Amino acid sequence: MVVKSIAAGVAASALLVTVAFAQTPTATTDRGNMAPAAASDTSFKGDWRTSKIVGLSVYNDQNQSIGSISDLLTDRNGNIKAAVIGAGGVLGVGARLVAVPYDKMKFVNEPVAYTGTAGAGSSAGGNGSSTTTTGAAPSTTPRAPAGTGAAPAAKPNPWHPDHAVYSATKDELKAMPEFKYSNE
């Protein structure tokens, strides 16, 4: 009787070991399916970082600084529908927010061209303003001194443009309906 019990115990142990080996995942199937798919930075070549678009200077067609992008508005699918531009104010304080259609904006990789002269618009009797920009666009590349008429040749940043262009004057932006965030 003892021999039958030992034989039954060995047979049961062998059966349990077989079931345990059958449940062990293999390296080629289960573990391979568990790893999330990762994308390399080359799969996003040509795409811009929205964190770099917010804060970008906005100019009009005459290279006049008219504000900066304060926010981007998207639909539920993540498509950018509008850019909120802060117009006026000093250093962003007191700026009037207006929302403009995103597809009406143009983005430029090259820095704003210098066409003014040093001290332009500051002569006696002048209003202190110039009709051209003096390099107010944000960039990580060094700029030529004001009035030189040339910007240094620099490779554009692949993750964001240098500045945005919107066809309106500062006064036209200020006349647009003010954009307010609602709590609805």
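Start by selecting Arg 96 in this predicted model: at 26% relative accessibility, Arg 96 is partly exposed.

Next, pick Lys 106 and Asp 61: their side chains form a salt bridge at 3.7 Å, N to O. Here again distant parts of the chain are linked, since Lys 106 sits in strand S5 and Asp 61 in the loop between S1 and S2, 45 residues apart. Lys 106 is partly exposed at 47%, and Asp 61 is partly exposed at 44%.

Then show Asp 75 and Lys 81, where the closest N and O atoms of the salt bridge are 3.9 Å apart. Asp 75 has a relative accessible area of 24%, while Lys 81 has 49%.

Stay with loops and click Asn 63, between strand S1 (57-59) and strand S2 (65-74). Check its backbone: phi is positive, about 60 degrees, although Asn 63 is not a glycine. Most residues other than glycine have a negative phi.

Last stop: His 160, in the loop between strand S5 (106-108) and strand S6 (163-165). Buried or exposed? His 160 counts as buried because its relative accessibility is 12%, under the 20% cut-off. Show its contacts with Trp 48, Lys 52 and Asn 109, leaving aside residues up to four places away in sequence.

Terms used
Residues are numbered from 1 along each chain as its sequence is written. This is a predicted model: local features need pLDDT of at least 70, side-chain atom pairs count only at pLDDT 80 or more; totals for chains, interfaces and linings use all residues. Side-chain values use heavy atoms; hydrogens and water are left out. Helices (H or I, at least four residues) and strands (E, at least two) are DSSP runs, numbered from the N terminus. Buried means under 20% relative accessible area, exposed over 50%, partly exposed in between (1.4 Å probe, protein chains only). Contact means heavy atoms within 4.5 Å. A salt bridge is a side-chain nitrogen of Lys or Arg within 4 Å of a carboxyl oxygen of Asp or Glu.
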